[in-house]
Amino acid sequence: MANSLTGRAKLLLGLAVVLVALMPIPVRQAGSAERTFRVEAGNYAYSPSVLSVDPGDRVTIELVATDVVHGLHIEGYDLSVSADPGQTARLSFVADRSGSFRFRCSVTCGPVHPFMTGKLNVGPNWLLWRTVGLALLAVVVGIGAIKR
Amino acid sequence: MNGLDLAGLPVVKPMLRSRWPQLLVTVLALGGFVLAIVAGLSGTPVGNRNFSIVVVWIAWWALLILVAVPLLGRGWCSVCPIPAPGEWLQRGAVLGPRRARLGLGRRWPRRLRNIWLQNAAFLLVVLFAAVVLTQPLVTGLLLLSLVLLAGSMSLVFERRAFCRYMCPVGGFIGLYSQLAPLELRVKDTAICAAHRVKTCYTGNADGYGCPWQVFPAGLRKNTNCGLCMECVRTCPYDNIAINLRSFGADLHRPGERRLDEAYKAFIMLGSALVYAAVMLGPWGWLKSVAYAVGGWHWFVYAVAFLVGVLVLLPTAFYLAVRLGHALARSESEPQRSFLHLAYALVPLGLSAWIAFSLGFVFANLSYVWPAVSDPMGWGWNLVGTAGIPWTPYVSRVVPLLQVTVLLAGLTWSVRVAREIAAQVVVGRSTTRAAGLVLPLAGFMFVITILFLWLLV
Amino acid sequence: MNAERAARWLVLASIVGVPLAVAFARWKGPNLHDARVIEIHGQMPGAGGWSPSALRVAVGETLQVRLTSDDVVHGFAIGRLGWPAIDVNPGQVTETSLTFDQPGRYVFYCTRWCGPEHWRMRGTIDVIGSLTDPAEADYPLYMTLDLDLDAAHPATVVPAERPKAERGTSRGPMLGADYLTPEFYRSQSPADAWLSLRSDPALEDLQDMAIWDLVAWIWDRNTTPEALREGERLYRVNCAACHGEGGEGDGVMAPALKSDSLTDFGHATVSPAAFNDPSSMLGASPALLHGKVIRGGMGTGMPYWGPIFSEDQAWAVVDYLWTFQLDRDS
């Protein structure tokens, strides 16, 4: 009973999987706006911890350390900045890669330092939505395979 | 490759029968383990610069959860240094085998012959995780107490009571070892049946009786086999095989399913969810609360954690089972279905742990180089890598790996749910099976989405 | 049983050998029993600050210092000497050597903010020896002038807008010589200076604002661009965390100072002074500000920078503080 889908259903599902996983999405270059965020870093947290911009935006992060020296390293962009309390540091870049990127503290700021994180969202998180779609298809295929 | 007996390969067989290769790896691991304890107790209190934290919780953990458990199952247990000193004392020999025996050799209490203690031990470590994972002193004390506990248990009880019933890590390695493409089994049970002495259990001049208290001919799943290779050495008929097999073969066979293991599946899934939120989420207050061990905030966190993992998650799954029963118009006992179907969460659980671990292992792997060169944080530079700065590795690839692993886990879990449903609940009826699996797949889907939201 | 014996040695080597090797390496490493080799650990002040925090060395003798931090990023520098600061990184060791040619008590201090109590992270080095270059002990100006640093200093008059030194350039050089001495500048608050100028018959025809511009011009000619740059640097590194990068008294540490969280040290603290508030700033003389900087206190939690800043540095900071009130001559 493991695999009892008809050939046609298989083809359709296969197409759906390919579509959800690989369909190119027109990139809305709505961006090129100037976006400035004042991000306070203290006590193992960033505030705000989630930054959302449009692809193409010119982003400036003003990093304000509120207790000890902190850093901010954006994964995927591989950009870093660090700030002492009282000395706001600035990081400017063009958000030319879309997706969701974690940022982490890059300066040891205490025991929980390796887990001090935040997120930069450039446009919609298509990886997440595609995966949700694929997960849904996985469930459909999983149930559909029960047919005899 | 399926069914290939690795133990039968001419190169491998002498390596397994000789006690030396395994001993050397164990002693090497023991050296690292001792260094981790020394560094934890007397090195720098800065976690990401201390050998104990970096090598145990980044390097070892990565090897365990990303490589050893998925590919080798209990492979780590076969060289684990934690029970080794106790076992050597118990046996009165390092290399052995020797008949003489130190210690009381008591039998493990019947009531405790399950993994509830392991579940409790794991939860205990997890509740203190924010401190254990970040403070060298706490990690050093934890490792030291584990080796002392294992040692004293070896002296009081027979065989490896610690590994089977107490080790906080062993419980989940056992659960997830069912997924590994590797198994130790007897080749021909008829030979065992005819073998009067059962040297695999009692031991002989070539090796010890099974330290894991398992009769190899009775093995149906990997959970309790520690891959210690003693039976390979003691079997006079060369009847033990180490087979390559398909992933997760144990789950696809109806077998002995137990509530303590079912609960382990919930504990692991729930803990991964909480870890992902605490460690990789953007909520600083949650990190502070999890770190403030002993404070009332932490107490609330601990209670919420335990209720979530031990009550809410299983209850939600139970309700999904009940709903499935209603949809499938099944007359079966829901409790029984719950117990069996909980095993369908095993692939999703492991994939969740892998996805979570991918989220911090590669980001922090570069801490390993300085920690190896300057294990104590005392300004040494043993291998010249003390100055390598922190830099996250492959951070562009990690999210892709994470979603792939989670999707694979979901697909696999739904499939296992389908098979268990057919085996133990609804039989061959297709519409009823679909009805039963639908809410379970929904449960798994929601869990997957939660992980995606937290991790990607 | 030779194999068994070999195996036992192997096990012994890992269980006993590893700790022994670590201990041996520690012992063979930098000789920490030598008084001239010191390992200094930095921790946040609440956790202990520097340890050890009191060192002794003879004049001309070289002190080997191994610096490490047990928690977060700190920095190491010695007050008033102008040697470059050294970063002290968590779990890493930085070595440096110190040689003093004058005896006395030196203060070493943390140079990177490590919490609201950061400035308390200080230690002393007693340098023993005979004085070869005796400098006369100078009293700080606020003592000579007998100023009460703790008193409120409201400005009796404030300008309608920001005074600009540039606008005073034309009339400034024609002011009486008394107004142009450093003594006048240091001892007068801008408000007092304004009152003196206002009552000067020679300036009768000037508008009130033009008098303020003259005050700004006097203040400007008593500093230099170099001093202002140094003052700005010192302010950013040492002052801005409490007083704010814009001098508004709203630095990142200000909320912590207002809370009760700092009672460990038995001192009450209040909000940091706002340098952009003319009603108090313009009532303070440079000597008064200088006194506040070097002595601190005032019941506010203000650190004392006397042992840290050199005389020039302290005045440079004071010079920079006026930029929150007065526009300099570009």
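In which sense do strand β1 of chain A and strand β4 of chain A pair, and over how many bridges? The second view below answers this. The model is predicted: local features need pLDDT of at least 70, side-chain atom pairs count only at pLDDT 80 or more, and totals for chains, interfaces and linings use all residues. Residues are numbered from 1 along each chain as its sequence is written, with chains lettered from A in the order in which they are written.

**View 1. Open sheet of chain A.** Four strands run in the order β2-β1-β4-β7, with mixed pairing. Strands are DSSP runs (E, at least two residues), numbered from the N terminus. β2 (45-47) and β7 (89-94) stand at the edges with a single partner strand each, so one side of each lacks a neighbour in the sheet.

**View 2. The β1-β4 pair of chain A.** β1 (residues 34-42) and β4 (residues 58-65) pair in the parallel sense over eight bridges. Pairing requires at least two DSSP bridges between two strands. A:Thr36 stands opposite A:Thr60 of β4.

**View 3. Helices α17 and α19 of chain B.** Helices are DSSP runs of H or I, at least four residues. α17 (residues 345-364) and α19 (residues 398-426) pack at about 170 degrees, axes 7 Å apart. Axes are lines fitted to C-alpha atoms over the stretch in contact, and angles run from 0 to 180 degrees between N-to-C directions. The helices are therefore roughly antiparallel (over 145 degrees).

**View 4. Chain B against chain A.** 40 residues of chain B are in contact with 36 of chain A (C-beta atoms, placed from the backbone, within 7 Å). α20 (430-455) of chain B gives the most to its side, ten residues.

Notes. Angles under 35 degrees count as roughly parallel, over 145 as roughly antiparallel, 65 to 115 as roughly perpendicular and the rest as oblique. Two residues are in contact if their C-beta atoms, placed from the backbone, lie within 7 Å.
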